[in-house]
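Visitor: Please show me how to read a protein structure, one feature at a time.

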Amino acid sequence: MGRLSRRGLLTVPGAGVVAGAAERLMRRDYSFVNGSVIQGRIDAGLFFLAYQLDPRRQYVPVQRRPATGDRLSTYIRHVGSGLWACPPGVSPGGHRGDTLLG
């Protein structure tokens, strides 16, 4: 990781995958191991969950970064991506999704 910010948080190096995002996003990574496959290789990997406000300014630039050949691309194989919308929580007296339809 990079250096500490003024607030004491770790920063992302300029060449990092998430450095391409125009705004901050909350990201959490999870690793998994599912044993070995027939060829004897380990079936393992890493996946990320990211929470953001504007996918055009945050998600899309991060997804394009490995496609342009960043340093991590040498060591990974991208399998798939997805983007899902999650409505905000329910307010007292409201119902699920009522803020989406105005």
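Guide: Contact means heavy atoms within 4.5 Å of each other. In this protein, 34% of the contacts with a separation of 6 or more are between residues 24 or more positions apart. The model is predicted, so local features need pLDDT of at least 70 and side-chain atom pairs count only at pLDDT 80 or more, while totals for chains, interfaces and linings use all residues. Residues are numbered from 1 along each chain as its sequence is written, and side-chain values use heavy atoms, with hydrogens and water left out.

Visitor: How many helices and strands does the protein have?

Guide: Helices (H or I, at least four residues) and strands (E, at least two) are DSSP runs, numbered from the N terminus. This protein has two strands and one helix, and their order along the sequence is β-β-α.

Visitor: In which sense do strands β1 and β2 pair?

Guide: Two strands pair if DSSP finds at least two bridges between them. Here β1 (residues 26–36) and β2 (residues 42–51) pair in the antiparallel sense, over nine bridges. Individual partners can be read off: Arg-28 has Leu-49 in β2 as its bridge partner, and Ser-31 stands opposite Leu-46 in β2.

Visitor: What lies between the strands of the hairpin?

Guide: Five residues lie between β1 and β2 in the hairpin, where Gly-40 takes a positive phi near 90 degrees.

Visitor: What share of the residues is buried?

Guide: Buried means under 20% relative accessible area, exposed over 50%, and partly exposed in between (1.4 Å probe, protein chains only). Of the 102 residues in the protein, 10% are buried. The accessible areas come from the Shrake-Rupley method with a 1.4 Å probe, and for residues only the protein chains shown count as cover. The protein exposes about 8,900 Å², and carbon and sulfur atoms supply 56% of that area.

Visitor: Which residues form the nonpolar patch on the surface?

Guide: Patches are made of residues with over 30% relative accessible area and no salt bridge; nonpolar side chains (Val, Leu, Ile, Met, Phe, Trp, Tyr) are joined within 5 Å, like charges within 9 Å. In this case the patch consists of Met-26, Tyr-30, Phe-32, Phe-47, Leu-49 and Tyr-51, with about 580 Å² of accessible area together. Strands β1 and β2 are the elements that give two or more residues to the patch.

Visitor: How is a pair of aromatic rings described?

Guide: The distance of the centres and the angle of the planes describe it. Rings of Phe, Tyr and Trp (its six-membered ring) pair if their centres lie within 6.5 Å; planes under 30 degrees apart count as stacked, over 60 as edge-to-face and the rest as tilted.

Visitor: How many aromatic pairs are there by this rule?

Guide: The count is two aromatic pairs. The rings of Tyr-30 and Phe-47 are stacked, because their centres are 5.4 Å apart and their planes are at 25 degrees. This pair links distant parts of the chain, with Tyr-30 in β1 and Phe-47 in β2, 17 residues apart. Tyr-30 is partly exposed at 33% relative accessible area, and Phe-47 is partly exposed at 39%. Phe-32 and Phe-47 form a tilted pair, 6.4 Å centre to centre with 40 degrees between the planes. Because Phe-32 lies in β1 and Phe-47 in β2, this pair ties together parts that are 15 residues apart in sequence. Phe-32 counts as partly exposed at 30% relative accessibility.

Visitor: How many salt bridges does the structure hold?

Guide: A salt bridge is a side-chain nitrogen of Lys or Arg within 4 Å of a carboxyl oxygen of Asp or Glu. The structure holds one, formed by Asp-54 and Arg-56, whose closest N and O atoms are 3.2 Å apart.

Visitor: Is Asp-54 buried or exposed?

Guide: Asp-54 counts as buried because its relative accessibility is 17%, whereas Arg-56 counts as exposed at 66%.

Visitor: Where is Leu-83 placed?

Guide: Leu-83 is in the segment after α1 (59–67), and at 48% relative accessibility it counts as partly exposed. With neighbours within four places in sequence left aside, Leu-83 is in contact with Pro-55 and Tyr-59. From Leu-83 to Val-60 the C-alpha to C-alpha separation is 9.9 Å in space, against 23 residues in sequence.
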